[in-house]
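Open the model in a viewer and keep the selection tool at hand. The stops below are taken in turn.

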Amino acid sequence: MASLATILRAGGLPLLEARILAAHALQVPRVWTHAHENDDIDAQQQAAIELLFARRRKGEPVAYLTGEREFYGLSLQVTPAVLIPRPETELLVELALERLGEIPSEHPCVLDLGTGSGAIAIAIASVLAANRPGATVSACDASEAALAVARANAARHGVPVRLLCSDWFAALGDERFDVVVANPPYIAGQDPHLEQGDLRFEPRSALVADEGGLGCLRAIAETARAHLQTGGWLLMEHGYDQGEPCVQLLERLGYAQVSDRRDLSGNPRVVQGRFDPAAARR
């Protein structure tokens with residue numbers, strides 16, 4: 001037998017990652033790995049830890065190895081069927097809540113397009129449940145496997161999110177919403193980042209878009225006009241170098257009060273615009 005400290009040091013990983021994976025293998029809280037560093041680990045437990053370490057050294061994301069990721073203070077299930085929620089996407093949640101605060105209706109409606117794990121919709125719904133109980137949150141994805149993950153996460157947190165299988169707005173008929181949010185695919189197919197880090201293991205269909213990465217952003221912006229209430233808002237996450245073309249896209253389509261917001265790293269991240277039919281006709 002070897003001590004946990006010995007196993008952690010020999011793992012060839014950053015210590016934080018090693019602790020996360022060891023805690024997952026041992027089914028204990030991460031803090032336990034600090035308090036019990038000198039404990040001996042039996043051979044079966046050591047093998048389980050070392051298997052996770054080996055998979056991580058080959059590049060598999062920690063979130064897929066543990067099946068968990070925190071987003072907006074919520075612990076979410078993730079699988080290789082969905083993107084791994086990232087901190088920069090929390091800006092999309094914050095801005096959506098800001099825009100909802102401007103909606104006078106007692107029953108505002110929110111739609112999350114391409115919901116994946118359900119992270120955005122569930123984060124919004126968890127705040128609205130306490131502050132705007134009359135609000136409704138819908139979310140859609142074209143992948144049934146992704147929707148299964150989103151359903152599990154919504155059930156875990158006990159929030160009412162209507163989940164639909166839909167390719168963007170296709171299954172929504174003539175429904176209209178006060179706020180539409182989306183974190184769509186926005187990476188160009190030849191982008192070298194796709195062969196680096198966690199992106200190598202995430203679903204390409206949720207990452208890559210045509211037109212140099214702008215295809216899905218354009219399609220959503222065009223179609224959203226038929227699904228937004230007058231005065232409603234469209235918010236879309238985009239790549240770090242797509243802020244200006246996204247602003248130009250929304251302005252060209254007649255959205256009002258178009259702006260682009262930066263994430264905590266200082267990168268352009270979320271474009272937003274208000275649907276104003278009168279402005280669009282001018």
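This is a predicted model: local features need pLDDT of at least 70, side-chain atom pairs count only at pLDDT 80 or more; totals for chains, interfaces and linings use all residues.

Residues are numbered from 1 along each chain as its sequence is written, and side-chain values use heavy atoms, with hydrogens and water left out.

Select helix 6 (residues 90-101) and helix 7 (residues 119-131), whose axes come within 10 Å and cross at roughly 45°. Show side chains: L92, V93, A96, L97 and L100 of helix 6 meet I120, A123, I124, V127 and L128 of helix 7 (contact means heavy atoms within 4.5 Å). This contact has ten nonpolar, no polar and no charged residues.

Next, select helix 9 (residues 215-224) and helix 10 (residues 243-252), packed at about 25° with axes 10 Å apart. The two are therefore roughly parallel to each other. Their contact is made by L217, R218 and A221 from helix 9 with C246, L249 and L250 from helix 10. By class, five of these residues are nonpolar, none polar and one charged.

Finally, select N153 in helix 8 (residues 144-157). N153 is buried, at 0% relative accessible area (buried means under 20%, with a 1.4 Å probe and protein chains only). The N153 side chain reaches the backbone oxygen of S117 at 2.9 Å. Leaving out residues up to four places away in sequence, N153 touches L76, Q77, S117 and I122.

How values were computed
Helices (H or I, at least four residues) and strands (E, at least two) are DSSP runs, numbered from the N terminus. Buried means under 20% relative accessible area, exposed over 50%, partly exposed in between (1.4 Å probe, protein chains only). A polar contact is a pair of N or O atoms within 3.5 Å; within protein, one must be able to donate a hydrogen and the other to accept it, and residues adjacent in sequence count only if both atoms are side-chain atoms. Axes are lines fitted to C-alpha atoms, for helices over the stretch in contact, and angles run from 0 to 180 degrees between N-to-C directions. Angles under 35 degrees count as roughly parallel, over 145 as roughly antiparallel, 65 to 115 as roughly perpendicular and the rest as oblique. Ala, Val, Leu, Ile, Met, Phe, Trp, Tyr, Cys and Pro count as nonpolar, Asp, Glu, Lys and Arg as charged, and the others, Gly among them, as polar.
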